[in-house]
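Hello,

Here is the structure I promised to pass on. Please look it over first, then read the notes below.

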Amino acid sequence: MSLTLAEVEHIAELARLALSDQEKARFCEQLSDILEYAARLQALDTTSIPPTASVLPERSVLRADEAHPGLPVQELLRNAPKIEAGQFCVPPVLELD
Amino acid sequence: MNTITGLTLSQLVHGLRTGDFSSREAVQAYLEQIERLEPNLHAFISLAPEQALAQADIADSRLAAWRKSGENPIPPLLGVPMAIKDVLCVAGLRCTAGSRILENFIPPFSATAVERLLEAGIIVLGKTNTDEFAMGSSTENSGYWVTHNPWNLERVPGGSSGGSAAAVAADMAPAALGSDTGGSIRQPAAFCGISGIKPTYGRVSRYGLIAYGSSLDCVGAFARQVSDVALIYSLIAGHDERDATSMDYPKPQVNLNGKDLKGLRVGIPDEYFIAGIQAEVEASVREAIQVLQTLGAAVERVSLPHTEYALPVYYLIAPAEASANLARFDGIRYEPRSEAESMWGVFYRTRGERFGAEVKRRIMLGTYALSAGYYDAYYGQAQKVRTLIKTDFEQAFEKVDLIAAPVAPSTAFPIGRHSDDPLAMYLEDIFTLPANLAGVPGLVFPVGFDANGLPVGMQLMGPHFGEDILFKAGHAYQQVTDWHQRKPPLIDKAFT
C-alpha cells in the first residue's frame, strides 16, 4: 500500500491541514508504511463477524426533559480569539470576487 | 529527607487528620519538591501554587474545626495535594492537552473526575505534561517539552501520561489523574515504577476530558501503591449523566482486606510472552506470577489469539475517531488563531501551524481510513477484528478471573530512539492496546528492575467492571513485596 503525493494532498485538504512540502513528502512515506502494516487485517476472514463500534451494551440514554441553567455566555466566549455581540466572530465564509 | 513528600497517599491523609502537619505544610513540601526536581524532569505544564496554598488554608480550618468537634465527617481526601494530567479540565486553570493549539485555553468548568476529587477535598498542585492530545507513548510529542524518567534522565517516562507518572515517582505529588486510550496510564506507570489503573470503559465519566478516541478513552489514576489507586478509583467511578457512555452501575465497593488469593484463577496469555521481549521483563513478570501463586492463586495458560491484530486495529480506529474529535480545533472557538482572509484559510493555517507532527499524522491516517472508497477496507475491517479481540477476552474470562501479562516489551527506552520512526513507536503499545479495544480494566504495579536499574511493571486485566479483583490481587502482592516502596535515587540526591 503506497500513497501518492496527490493522495496526501487530498487527505490534507479533507482534514483542513496546511502542510509544507517537506511534511507532505514525509507523510507520504510514513503513512504508506503504517497502511502497509495495517494491510495484515485483510488476511482475516470477517464475513460473518459484526463490527464493534462501542464495547458498551447497546442502549438508549435519555434523561428527563427539564431545563437547567447552563454556563453563562460570557464565560463560554472567553476563550474565543474574536467575539462580537455575544457571538463568535469568524472571517468571511463565502468569498466575494 | 523531606518527610511529608515521602509519605503515601493514605499516610498523608492520616497525618493531616491527626494534625502531624497541616495541609499548607503538605502543599508547601510538594511545591518545594517540584521546584527542586522540575528543572530535571519537566513533569508539569502549568502549576497553581497560589491557588493551592489558598485552598490548603481553607482545608486547614476545616480540619481544625473537625478535630475540635469530632462531629460531621470530613471529605476523605481533605487537604491532600494531587496532580492532574493536562487533558482533564480544572475550572479556571489553563488546560493545553499538551498542544500549542490550546495554549491559552482556560476551561470554565471541571471534568467530572476532577470535580469528584475536589468534593473529596483534594488540592490541585498543577497540570502534568502529556503527549499532544494524549497521542504518544513517551511524552516526547508534547507541544511544550519532553518529560524525563526520574529513574534515568536519559530515558522516557512513557506516555502519554508521562508527566503524571514522573511526578508521582519523584514524590512531586502523592497521586495523579491520567487518561488511557491505548496504554497511556499503564505503560508510564510501568516505566516509572508506580501503580496505576485504567478502569473499565464506561466506569469513569469522561465529561471534561479532552477527547482523543472516544470509543477507547478512559480516565484513571496513579499512586505509589495499589491501595491508594483503589481509593482514588472508588471516588471517581460511577454514573454521570453528563457523559452518555458512563454506565449506570452502583458505586464500586473496593475491599482490600487480606492477602489470601485462594480460589483466584490467573490466566497467562501465550501471546504476551513472545520473542523480542526483554528477558528481564519476562523474568520479573513470571516471578510476580509465582508470588500470586504462593498467595493461593491458581495459574493456567490462556490464549488471546487475535492479540497480534490489536496494533493495526487500534491505529485505524483511534486515528479515525481522533480526526473527528479534533475537527473542533479550528481557530474559531479557542485561542490562538492564525489569521487569514477566508474562514477556510483560518482553518488550514491554524491547524497546520499549531498541531504537532504526531497529531497531524494521526488526523491524516484517520481521515484516510474514513474516506470514501477506503472506509470498508480499513475502518470497517478494523471494527470487525475488534469484535474478535473482544471475544478473545470474553472466552478467556470464562476460564479465569484475571489475566497477568507484561505491560510493554521492554523497560523505559532512551529519549529520541523512535523519533524518526512512528511505526516503531506504535509497536511499544502491543501489550496495552487490547484492553482498550475490549474495554476491560487493567491494573499495573512494579514487579522488579532490570540491570540498568529501570523498573519493570506487570499488568493484570480483568473482566468488565472487575476492578475489585485486580485491586485485591495487586494489594495482596504489595503486602508481601517491596518493589513499590523503592524510589529513584534522584529524590535523595536532590537534598544533598
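D248(B) sits in the chain B loop that runs between α7 (226-236) and β7 (265-269); helices (H or I, at least four residues) and strands (E, at least two) are DSSP runs, numbered from the N terminus. At 62% relative accessibility, D248(B) is classed as exposed, where buried means under 20% relative accessible area, exposed over 50% and partly exposed in between (1.4 Å probe, protein chains only). Its C-alpha atom is 29 Å from that of N72(B), 176 residues away along the chain.

The model is predicted: local features need pLDDT of at least 70, side-chain atom pairs count only at pLDDT 80 or more, and totals for chains, interfaces and linings use all residues. Residues are numbered from 1 along each chain as its sequence is written, chains are lettered from A and ligands numbered from 1 in the order in which they are written, and side-chain values use heavy atoms, with hydrogens and water left out.

E428(B) is in another loop of chain B, between α13 (422-426) and α14 (433-438).

In chain A, D33(A) belongs to helix α2 (residues 21-38) and is partly exposed, at 39% relative accessibility. V90(A) lies in the segment after β2 (87-88) and is also partly exposed, at 36%.

Regards
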